[in-house]
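Trainee: I would like to learn how to read a model feature by feature, with the general idea first and the case at hand second. Could we go through one together?

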Amino acid sequence: MIRLVTVSPCYNEEEVLEESVQRLTTLFDRMVTEGLISAESLMTFVNDGSHDRTWEIIARLHRENHYVCGINLSRNRGHQNAIMAGMMAVRTWGDAVITIDADLQDDLEAIPQMVIALKNGNDIVYGVKVSRTADPLLKRLTAEAFYRLQSSMGVESIFNHADFRLLSRRALDLLAEYRERNIYLRGIIPMLGLPSTTVDDVLSERQAGASKYNLSRMMGLALDGITSFSVKPIYCIIYLGVVFLIIAFCIGIYVLHALLAGTAVPGWSSLILSIWIVGGFILIAVGGTGIYIGKIYQEVKQRPLYHIQDILTHAHENLD
């Protein structure tokens, strides 16, 4: 019997937690009855430095519900680090881990399909969004554009897959060997190379509250996703430099023609255009190179990704 553990990062999720636990409990009870998972399966909520009553609610639900466990990070470390903290903390607790956001917008009915896929020999099962009608139009358009941009940059990822996935114990053990500071799980996990498949994920409306993943957080994740797995942006800068040189050559011909025709203002066109072209290229090149230097700076420090302040567990967990 498969012992399943879910991991859900939480940041100021007091409005949705009780509803989410109730829905997951109903699903777990049904899957236990159907013989898909063990009755000792668990749902783990990772409090990512919330400022509301999130941890208080997790602690209470832990006392009331034998499925519920909690992990309390000492401060906010971000969505990807919270997921990683949860997975690494619980990887000895069961046979497989499913990561799913606490708002449960992902399709809960995909979880039994993931477990069946695990039994069929897959170590990784990705939830792929087949419908994003619950997302705002801008988020849908930018998300799909980003997936295509990733692909063009050579980043190996699953189109329309976020962080709703199942990982076997073997996959988790391999994932634990990755020590990078800039965590982008959507790019790291396909690199494991283990047998994998996908299941359909139909997004639903958020039950309460608002998403904490604002535009700046999404942009930061997108930037990490490209710069952590691809050097193509550096090559793009080189190609852009070639284009700028061609433009500068064309401007030179124009300026020469204007001088011969007597229509040029002496020194103005060549000076101003050269400043803008060269200055723009330098800024782009320095900015692109700076991103990579910044990541090297973060990697070499080898700081911990997170600190766990408290763990709420039940007596039957294996805490090796």
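Mentor: Let us begin with two terms: contact means heavy atoms within 4.5 Å, while helices (H or I, at least four residues) and strands (E, at least two) are DSSP runs numbered from the N terminus. This is a predicted model, in which local features need pLDDT of at least 70 and side-chain atom pairs count only at pLDDT 80 or more, whereas totals for chains, interfaces and linings use all residues. Residues are numbered from 1 along each chain as its sequence is written, and side-chain values use heavy atoms, with hydrogens and water left out.

Trainee: Which elements cover the buried residues of H2?

Mentor: "Buried" stands for under 20% relative accessible area, "exposed" for over 50% and "partly exposed" for what lies in between, with a 1.4 Å probe and protein chains only. In H2 (54-64), the buried residues are Thr54, Trp55, Ile57, Ile58, Ala59, Leu61 and His62, and their cover includes E1, H1, E2, E3 and E8. An α-helix has 3.6 residues a turn, so residues three or four places apart point the same way.

Trainee: How many helices and strands are there in the protein, and what share of its residues count as buried?

Mentor: The protein has ten helices and eight strands, and 48% of its 320 residues count as buried. Of the contacts between residues at least 6 apart in sequence, 83% join residues at least 24 apart.

Trainee: In what order do the eight strands form the sheet?

Mentor: Two strands are taken to pair if DSSP finds at least two bridges between them. Here the open sheet runs E7-E5-E6-E4-E1-E2-E3-E8, with mixed pairing; its edges are E7 (196-202) and E8 (308-312), each of which pairs on one side only. On average, neighbouring strands are turned by 20 degrees against each other, direction ignored.

Trainee: In which sense do E1 and E2 pair, and which helices pack on the sheet?

Mentor: E1 (residues 4-10) and E2 (residues 42-47) are parallel partners joined over six bridges, and Cys10 has Asn47 of E2 as its bridge partner. For packing directions, axes are lines fitted to C-alpha atoms, for helices over the stretch in contact, and angles run from 0 to 180 degrees between N-to-C directions. Helix H3 (residues 79-90) touches E1, E2, E3, E4, E6 and E8, and its direction makes about 150 degrees with that of E1. Helix H4 (residues 110-119) also packs on the sheet, touching E1, E4, E5, E6 and E7, at about 40 degrees to the direction of E6.

Trainee: Which residues point one way from E2, and which the other way?

Mentor: In a regular strand the side chains alternate between the two faces of the sheet. In E2, Leu42, Thr44 and Val46 point one way and Met43, Phe45 and Asn47 the other, and six of the six residues of E2 are buried.

Trainee: With which strands does E5 pair?

Mentor: E5 (124-131) is antiparallel to E6 over four bridges, where Ile124 stands opposite Leu167, and parallel to E7 over seven bridges, where Ser131 stands opposite Val202. Seven of the eight residues of E5 are buried.

Trainee: What is the phi of Asn12, and of Asn160?

Mentor: Most residues other than glycine have a negative phi, and most peptide bonds are trans. Asn12, in the loop between E1 and H1, has a positive phi of about 55 degrees and counts as buried because its relative accessible area is 18%. Asn160, in the loop between H5 and E6, has a positive phi near 65 degrees and is likewise buried, at 8% relative accessibility.

Trainee: Which residues is Gly49 in contact with, leaving aside its neighbours within four places in sequence?

Mentor: Gly49 lies in the loop between E2 and H2, and beyond those neighbours it contacts Tyr11, Leu73, Arg75 and Asn76. Its C-alpha atom is separated by 7.4 Å from that of Arg77, which is 28 residues apart along the chain. With 13% relative accessibility, Gly49 counts as buried.
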